[in-house]
Amino acid sequence: MDISTLCVHGSEDRTNSTGAISVPIYQSATFVHPGVGASTSYDYSRVQNPTREQLEKIVAKLESGVDAIAFSSGMAAITAMMELFKPGDHIIASDDLYGGSHRLFTHISMKNGLSFSYVNTADITAIKNNLRDNTKAVFIETPTNPMMDVTDIAAVAQITREHNLLLIVDNTFLTPYYQNPLLLGADIVVHSGTKYLSGHNDTLGGLLVARTNEIAEQLRFIYKTTGACLSPFDSWLMIRGIKTLAIRMDKQQVNAMRIANWLLTHPKVKAVYYAGLPTHPGYEISKKQARGFGAMISFKVDNEITARRLLENVQVVLYAESLGGVETLITYPMLQTHADIPQEEREKKGIDERLLRLSVGIENVEDIIADLDRSLK
Ligand SMILES: Cc1ncc(COP(=O)(O)O)c(C=O)c1O
């Protein structure tokens, strides 16, 4: 079945005797036991809920995993996953990451005894050079947030397999519609379901998808113990969002390609970072490992005044955090998503006062361009 069909039909519950096409919202915290020691397979909603289960089944199918687990946010999912590790463990992570993941690693995981090496994971040798006896995992985003670096997932998987490490891929930017890291050798896929999967900037959610039953069992144990589960209503919203994932992603990508090419021609735009541009260093790898380039673009303008004026003047494009929804959003990574990363580290990666990040939506592309053009004057 094609992935776009799966997005629409993957959440149907044929056992539901009412014939309802939309999965019911089982707004119940607990479930009656049919007898002593007996279970309907639902006992308590922190552990399992029928609505959430439908979401988990479809995401597991879309990512070709054995199990998917739905959390109350992307950060809740990553935080729970970090419980797989113990004090003394070392993790290699991309040196360009969503700022919240970096903050979690630096301020919570390190306090709990983990250590990290941040490397440009697009450079396979850099990963090899940072391996230690206590290295347990490699954590990557590809493309990265916000610099759009692309990492060769299969090449990293070869290293992680050889050294018995976990390969964890945050697949938020491309979604399973465009990229399936588990099929390229990753062990765990992470999603901020808040973004493209939900798609409407109306709910938070996160997912972990496991390649093996062994990993799934460990994650399920952490899940029921730590409890950051997704509510039935938010699960339903995400199921509904996934039904239109394919058409949204296709339209957003077409818009993004046009905008990236337009930005290249603008005199006040000095650099454009979009994996779909043939000049992007990760273009060939993207074509090899993904079915699309997505709709996230970062770009640098000539100076800070232009950047601030743009943010204050846009009207169709909205100046707001987050990404992946139907509305085009623009953010200032230096002050928002990446504000907690030390200035020196941030600037070394190019996240400075001239960098803006655009999450391209589904509006008419000429309206988006006209809005950007007017705001850049
Ligand atoms: C790539 C990436 N991963 C994870 C997260 C965290 O997700 P959430 O905001 O749902 O907690 C974000 C949030 O922006 C993100 O961009």
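Helices (H or I, at least four residues) and strands (E, at least two) are DSSP runs, numbered from the N terminus. The model shown is predicted, so local features need pLDDT of at least 70 and side-chain atom pairs count only at pLDDT 80 or more, while totals for chains, interfaces and linings use all residues. Residues are numbered from 1 along each chain as its sequence is written, and side-chain values use heavy atoms, with hydrogens and water left out.

**View 1. Valine 360 sits in the loop between β12 (355-359) and α14 (365-375).** Valine 360 is buried, with a relative accessible area of 0%, where buried means under 20% relative accessible area, exposed over 50%, and partly exposed in between (1.4 Å probe, protein chains only). Apart from neighbours within four places in sequence, valine 360 is in contact (heavy atoms within 4.5 Å) with residues including Gln252, Asn255, Ala256, Ile259 and Ile297. Glycine 292 is 68 residues from valine 360 along the chain, and the C-alpha atoms of the two are separated by 14 Å.

**View 2. The largest nonpolar core holds 79 residues.** A nonpolar core is a set of buried Ala, Val, Leu, Ile, Met, Phe, Trp, Tyr and Cys residues joined through side-chain atoms within 4.5 Å. Ile259, Ile297 and Phe299 touch the most other members of this core, and helix α10 (residues 245-265) gives the most to it, with eight residues. The core draws at least three residues from each of domain 1 (3-243) and domain 2 (245-375), whose bounds come from an automatic or database domain assignment. In soluble globular proteins, nonpolar side chains tend to be buried together.

**View 3. Lysine 300 lies in strand β9 (residues 296-301).** Lysine 300 is buried, with a relative accessible area of 8%. Leaving aside neighbours within four places in sequence, the contacts of lysine 300 include Lys268, Tyr273, Gly350 and Asp352.

**View 4. The ligand is surrounded by 13 residues.** The closest of these are Gly74, Met75, Asp170, Ser192 and Thr194, and a residue is counted as near if one of its heavy atoms lies within 4 Å of the molecule or strand in question. An oxygen atom of the ligand is 2.9 Å from a polar backbone atom of glycine 74, whereas a nitrogen atom of the ligand is 2.6 Å from an N or O atom in the side chain of aspartate 170.

**View 5. The loop between β4 (135-141) and α6 (153-162) includes proline 143.** The peptide bond from threonine 142 to proline 143 is cis, with omega near -5°, and the bond from asparagine 145 to proline 146 is also cis, with omega near 10°. Methionine 148, placed in the loop between β4 and α6, has a phi near 65°, a positive value in a residue other than glycine. Most residues other than glycine have a negative phi, and most peptide bonds are trans. At 1% relative accessibility, methionine 148 counts as buried.

Definitions and conventions. A polar contact is a pair of N or O atoms within 3.5 Å; within protein, one must be able to donate a hydrogen and the other to accept it, and residues adjacent in sequence count only if both atoms are side-chain atoms.
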